[in-house]
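Dear colleague,

I am handing over the structure we spoke about, and my notes on it follow directly below.

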Amino acid sequence: MTKEKETSLMTLYGKALDNRVEHPILGDKFADEAVKRIDYDFARLGFERGGHITLPMRARHLDGWAREFIAANPVSTVLHLGCGLDTRVFRIDPPASVLWYDIDYPDVIELRRRLYPERQNYAMIGSSVTDLRWLEEVPSDRPVLVIAEGLVMYLSEDAALALFRRITGTFPAGEFVFDAYSRLMTRLISLVPAVRASGITLAWGIGDPLELEKQVPGLRLVDSVSFLTMPELVDRLSVSRLQRVTSGVMGRLGFYRRLIRHLRYRF
Ligand SMILES: C[S@@+](CC[C@H](N)C(=O)[O-])C[C@H]1O[C@@H](n2cnc3c(N)ncnc32)[C@H](O)[C@@H]1O
């Protein structure tokens, strides 16, 4: 588990730590149980910088959009791209009328299989999401929800657009929900020494979310949320009055609001 695959352990750990506090954000007991079963030095991840808050907050927000889609489309397909070790299918616990696919690299999926039980109408696919042959395993006759959390920044723009176009061209209707970095954020994160040392490449930054409507025919932006200025996130991260004031000032700056966005598109 190296490079971007190792990040699935980081995000799992953030959710496990959240489950251990008195008032958790996500309360993901499945993540907590999984972390206890993995022999890995999680302590070296250095979560003092807020990963135990940002990661469960990000997951909870995307869970909310996923629940809304499933409530409106109880007979549908979910493609959870770059699922890592995330336990979304257990948190959301969709009805059996939903076909749910978790997709990640083969070695991540192999670890998933050892950690989590099987469920009805649930399948895991070990493949790069950009090798589009995996889509041949998935029936394409229902509305589809595509969830990609902490993924698209690792994909090249061309490969991501080919994947999006293939999905919009194959399924009758659906939604895409994902978090995206701005181009500046992609560049800033790439400069972080730990990221450089890990060899991870951050490739795709989205400047203007409306651009995607032109790049992927049929796609329509229905929501764009500035993650770093979400009030509950600011509240949880601000331990001092100074930090609260600083966040308030930064939150008025356009570039800051664009650094990380949660995007929701329909087609
Ligand atoms: C930051 S983790 C996020 C995992 C999970 N979505 C979560 O939020 O906990 C990124 C995940 O994307 C996966 N990933 C990155 N590029 C991928 C690709 N081309 N195909 C499949 N999975 C990919 C990695 O293996 C990793 O599990």
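Two strands are taken as paired if DSSP finds at least two bridges between them. Please bear in mind that this is a predicted model.

With that definition, strand 1 (residues 77-81) and strand 2 run parallel and are joined by five bridges, and within this pairing His 80 has Asp 102 of strand 2 as its bridge partner. Strand 2 and strand 3, together with helix 5 (residues 106-115), make up a β-α-β unit that is right-handed.

Strand 2 itself, residues 99-104, is mostly covered, six of its six residues being buried. Leu 99, Tyr 101 and Ile 103 point one way from the strand, while Trp 100, Asp 102 and Asp 104 point the other way.

As to the packing, nonpolar side chains tend to be buried together in soluble globular proteins. Here the largest nonpolar core has 53 residues, and Leu 12, Leu 85 and Trp 100 are those with the most contacts inside it. Helix 3 (residues 51-72) gives the most to this core, contributing eight residues. Another core, of 33 residues, lies apart from it and includes Leu 161, Phe 164, Ile 167 and Ile 206.

Finally, if neighbours within four places in sequence are left aside, Leu 12 is in contact with Ala 31, Ala 34, Val 35, Ile 38, Leu 85 and Tyr 116.

With best wishes

How values were computed
Residues are numbered from 1 along each chain as its sequence is written. This is a predicted model: local features need pLDDT of at least 70, side-chain atom pairs count only at pLDDT 80 or more; totals for chains, interfaces and linings use all residues. Side-chain values use heavy atoms; hydrogens and water are left out. Buried means under 20% relative accessible area, exposed over 50%, partly exposed in between (1.4 Å probe, protein chains only). Helices (H or I, at least four residues) and strands (E, at least two) are DSSP runs, numbered from the N terminus. A crossover is right-handed if, with the strands pointing away from the viewer, the path from the first strand over the helix to the second runs clockwise. A nonpolar core is a set of buried Ala, Val, Leu, Ile, Met, Phe, Trp, Tyr and Cys residues joined through side-chain atoms within 4.5 Å. Contact means heavy atoms within 4.5 Å.
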